Amino acid sequence: MTSLALQPDAQKTDTQEIVVDEVFPHAPAVVWKALTDGALIGRWLMPPTDFAAVEGHRFTFKTTPAGEWDGTIQCQVLEVVEAQRFAYAWRGGHEANVGYGSRLETVVTWTLSPSEGGTRVRLVHSGFVLPRNDSAYRNMSDGWTKVVQKLDTVLGEDGR
Amino acid sequence: MTETIPFDAVMRALADPTRRAVYERIVRADEITVAELTRHSGVSQGAVSQHLKSLKTAGLVAERPEGRKVYYRVEPRGLAPLVDWMSLYGVFWRDRFDDLRALLKDIDPPEPASPKDPNP
């Protein structure tokens, strides 16, 4: 089951976080590998550049540019606890942008814990500042989700 | 040179339910004319034309004139601002979880079913 929640960040009242929590029918070591191996990350997230799961190490992802932002997501590994916890900074955007491409100073944290039949994987993407990204929360309705899912297919076809 | 369509323009264009319905019909069709879009739509051809104009301005649809007819089709890149923006907020991660699940199944396949299993 997916639980997707947009909720106030526990540490700071003026930021929001995204939480996804699911159980995977695989051992923690296998899930850990998928989360921390550059080639494997490229198969489910985006292909990273200069990736290494080493605390302090910097790597990047490249996505669609917007305005003054060239689309580069700057990441830095913050915490590595084998098969338990993996966190990295996720920074991008530009002050001049609103909505997509607005300044992001966020942190992505993966927490693994053994669970019956596999591994519980909890993702917390924290640090979304309001009201800079306010429109996001106002518009996160099921209708949008449906539209986006449908259209994602179209975008996929375009990439052939 | 392609001008970058701001996120807000795409959002505004798709915020109207009727316009979104028009857009979704174009998504489902390969190419479609105004007349075809108007049929069974419950709105006038003039209204449909206005919606098409908005969708075109937002970079969501492209047109192709042929003789006296104009065919409309989806501009696949048009949704990029929306999809990429959403990607920063949640749908992205949920979809990535689906991809992660598929990858794990690939690199760590489940045990094959017992041959004694009576179910196919």
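User: In which sense do β2(B) and β3(B) pair, and over how many bridges?
Analyst: This is a predicted model, where local features need pLDDT of at least 70, side-chain atom pairs count only at pLDDT 80 or more, and totals for chains, interfaces and linings use all residues. Residues are numbered from 1 along each chain as its sequence is written, while chains are lettered from A and ligands numbered from 1 in the order in which they are written. Strands here are DSSP runs of E, at least two residues, and helices are runs of H or I, at least four, numbered from the N terminus; two strands pair if DSSP finds at least two bridges between them. For β2(B) and β3(B) the sense is antiparallel, over 6 bridges.

User: Which residue of β3(B) is the bridge partner of B:V61?
Analyst: Strands of a sheet pair through backbone hydrogen bonds, either parallel or antiparallel. In β3(B), the partner of B:V61 is B:V74.

User: Which residue takes a positive phi in the hairpin of β2(B) and β3(B)?
Analyst: This hairpin has 2 residues between the strands. The positive phi, near 60°, belongs to B:G67.

User: What is the strand order of the open sheet in chain B?
Analyst: The sheet has 3 strands, with antiparallel pairing. Its edge strands are β1 (32-33) and β2 (61-66) of chain B, each pairing on one side only. β1(B) joins β3(B) over 2 bridges in the antiparallel sense. The order is β1-β3-β2.

User: Which residues of β3(B) stand opposite B:T33 and B:I32?
Analyst: B:T33 has B:Y71 as its bridge partner. B:I32 stands opposite B:Y72.

User: What angle does α2(B) make with β3(B)?
Analyst: α2(B) packs on the sheet. Its contacts (C-beta atoms, placed from the backbone, within 7 Å) reach β1, β2 and β3 of chain B. Axes are lines fitted to C-alpha atoms, for helices over the stretch in contact, and angles run from 0 to 180 degrees between N-to-C directions. The angle with β3(B) is about 90°.

User: How are α2(B) and α4(B) oriented to each other?
Analyst: Helix α2 (residues 17-28) and helix α4 (residues 45-57) of chain B pack at about 80°, with axes 10 Å apart. Angles under 35 degrees count as roughly parallel, over 145 as roughly antiparallel, 65 to 115 as roughly perpendicular and the rest as oblique. α2(B) and α4(B) are therefore roughly perpendicular.

User: Which residues of α4(B) meet α2(B)?
Analyst: From α2(B) come B:T18, B:R19, B:V22 and B:Y23. By class, this contact has 5 nonpolar, 3 polar and 1 charged residues. Ala, Val, Leu, Ile, Met, Phe, Trp, Tyr, Cys and Pro count as nonpolar, Asp, Glu, Lys and Arg as charged, and the others, Gly among them, as polar. On the α4(B) side are B:V48, B:H51, B:L52, B:S54 and B:L55.

User: Which residues have the most contacts inside the largest nonpolar core?
Analyst: A nonpolar core is a set of buried Ala, Val, Leu, Ile, Met, Phe, Trp, Tyr and Cys residues joined through C-beta atoms within 7 Å. The largest has 17 residues.

User: Where does A:Q76 sit in the pairing of chain A?
Analyst: Strand β3 (residues 58-62) and strand β4 (residues 72-81) of chain A pair antiparallel over 5 bridges. β4(A) also pairs antiparallel with strand β5 (residues 85-92), over 7 bridges. A:Q76 in β4(A) stands opposite A:R58 and opposite A:A89 in β5(A).

User: Is A:A39 buried or exposed?
Analyst: A residue is buried if 20 or more other C-beta atoms lie within 10 Å of its own, exposed if 12 or fewer, and partly exposed in between. A:A39 is in helix α2 (residues 38-44) of chain A. Because it has 9 C-beta neighbours inside 10 Å, A:A39 counts as exposed.

User: What percentage of chain B counts as buried?
Analyst: Chain B has 6 helices and 3 strands. The chain holds 120 residues. The buried share is 30%.

Definitions and conventions:
Contact = placed C-beta atoms within 7 Å.
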